[in-house]
Amino acid sequence: MLTSVKTQARIVTSVLALMLPLSLSMQTAAAAQTDQTAPDISLKQPLGYQLPTAYEKAKAELPQDLYVIYRIVDRIVRTNDIDTRFWRVRIVPEYSTKAYAHSAYVITLDKSLLDLMAGDVSALAFVIAHEMAHHSHGHISELIESAHEASIDVSSADNQQEAQKRLREWQERIQKLSHNLELEADRIAYQYLARAGFDPEGSVRGLNTLAELPGGGLKSKTHPTISQRIEAIEALMVENPPKQLARRGRIQLLGSKPLTYELSDNGNSLRVDSKPRKSFEEQIEGRFGQ
């Protein structure tokens with residue numbers, strides 16, 4: 001009986017010895033399948049090490065100015081549910097103190113403007129939000145269409161005198177349209193700013209800063225006077241209290257994640273994706289494998 005028990009024990013031990021490598025192999029394979037995207041954490045990392053957050057990663061990777069711009073765009077997009085594919089913000093070294101919207105969702109900021117707004121992130125956020133409003137509400141397309149209509153109308157005039165008359169009328173019409181679009185962009189930017197949790201007074205401070213520039217407070221062909229713009233925003237603050245807008249923004253923020261981004265090769269521009277996006281490389285490999 002004892003011999004039989006010993007024999008059975010040897011058989012069980014042999015079977016376990018055969019099964020153990022297979023079990024470990026299966027566990028390793030399962031871990032590889034379920035954790036393919038897990039980070040490679042070095043043994044040198046201290047106990048309790050935590051992966052950097054999305055914002056910590058961005059701060060480490062991006063130049064200081066572009067990091068600040070990324071955080072501003074990220075906050076505005078997520079709290080206002082702006083439905084666009086992407087935003088590209090670029091910094092140019094010229095010192096003309098301008099910010100302008102052009103092309104498709106491209107915003108250009110002069111380096112001097114960043115220097116001028118230094119120390120007031122809410123004022124800078126208002127300037128960026130203003131240019132975002134031009135894009136998100138189709139202002140650029142509207143101006144281009146009007147200019148196209150003007151060109152057709154003027155060129156169809158029977159004589160030079162009639163053409164000059166039509167040209168002056170169109171210039172006045174487009175100037176009025178441009179002024180109205182600027183005021184609308186201010187209104188939208190204020191709402192973007194308040195929902196995002198920035199200081200709503202930053203909109204007024206930003207405009208006051210621009211007014212300090214040579215000719216900055218004067219009426220132009222494209223913009224109303226700074227005083228007109230500030231007056232409109234102050235009236236808007238009474239109609240739409242910033243605290244109410246901020247509450248809506250906090251609700252909108254729930255469940256959303258920090259936006260992805262991509263730095264240009266020259267480090268002067270940043271693409272911020274309004275929606276999760278995979279690169280061409282990730283898409284092709286996901287479809288056809290590596």
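The model is a predicted one.

The protein chain contains 11 helices and 5 strands. Of its 290 residues, 34% count as buried. Among the contacts in the protein chain with a separation of 6 or more, 64% are accounted for by residues 24 or more positions apart.

Beyond its neighbours within four places in sequence, Met132 is in contact with Val73, Ile76, Val77, Ile82, Trp87, Ile107 and Tyr192.

Helix 6 covers residues 139–155, while helix 7 covers residues 160–196. The axes of helix 6 and helix 7 come within 10 Å and cross at roughly 175°. An angle over 145 degrees counts as roughly antiparallel, and helix 6 is therefore roughly antiparallel to helix 7. On the side of helix 6, the contact is made by His139, Glu142, Leu143, Ser146, Ala147, Glu149, Ala150, Asp153 and Val154. Helix 7 contributes Ala163, Arg166, Leu167, Trp170, Ile174, Leu177, Ser178, Leu181, Glu184 and Ala185. By class, the residues of this contact divide into 11 nonpolar, 3 polar and 5 charged.

Within helix 7 lies Arg168, which counts as partly exposed because its relative accessibility is 47%. The C-alpha atoms of Arg168 and Val154 are separated by 9.7 Å, and the two residues are 14 residues apart along the chain. An unreviewed UniProt entry annotates residues 160–187 as a "coiled-coil region". In the model, this span is 100% helix and 0% strand, and its end C-alpha atoms lie 40 Å apart.

Another helix pair has a contrasting geometry. Helix 3, residues 64–80, and helix 10, residues 242–253, pack at an angle of about 90° with their axes 7 Å apart. Angles of 65 to 115 degrees count as roughly perpendicular, so helix 3 and helix 10 are placed in that class. Here Arg75, Arg78, Thr79 and Asn80 of helix 3 meet Gly249, Gln252 and Leu253 of helix 10. The contact of helix 3 with helix 10 has 1 nonpolar, 4 polar and 2 charged residues.

Two aspartates belong to this part of the chain. Asp74 is found in helix 3 and counts as buried because its relative accessibility is 1%. When residues up to four places away in sequence are not counted, Asp74 touches Tyr55, Pro258 and Leu259. Asp81, by contrast, is placed in the loop between helix 3 and strand 1, and counts as exposed because its relative accessibility is 53%. Most residues other than glycine have a negative phi. Asp81 is not a glycine, yet has a positive phi of about 50°.

Helix 8, residues 202–211, is mostly covered, with 7 of its 10 residues buried. The buried residues are Gly202, Ser203, Val204, Gly206, Leu207, Thr209 and Leu210. Their cover includes helix 4, helix 5, helix 7 and helix 9. Helix 11, residues 280–288, is hardly covered, as the count of buried residues among its 9 residues is 0. Gly289 follows helix 11 and has a positive phi, near 85°.

Ser264 is placed in the loop between strand 4 and strand 5. Residues under 20% relative accessible area count as buried, so Ser264 qualifies with 18%. Beyond its neighbours within four places in sequence, Ser264 is in contact with Arg88 and Ser269. Ser264 and Arg88 are 176 residues apart along the chain, and their C-alpha atoms are separated by 9.8 Å.

Note on methods:
Residues numbered from 1 in each chain as written. Predicted model: local features only at pLDDT ≥ 70, side-chain atom pairs only at ≥ 80, totals over all residues. Heavy atoms only, no water. Axes fitted to C-alpha atoms, helices over the stretch in contact; angles between N-to-C directions. Helix = DSSP H or I, 4+ residues; strand = E, 2+ residues; numbered from the N terminus. Parallel < 35°, antiparallel > 145°, perpendicular 65-115°, else oblique. Contact = heavy atoms within 4.5 Å. Nonpolar A, V, L, I, M, F, W, Y, C, P; charged D, E, K, R; others polar. UniProt positions renumbered as here; feature names shortened; annotations may be inferred. Buried < 20%, exposed > 50% of the residue type's maximum accessible area, 1.4 Å probe, protein only.
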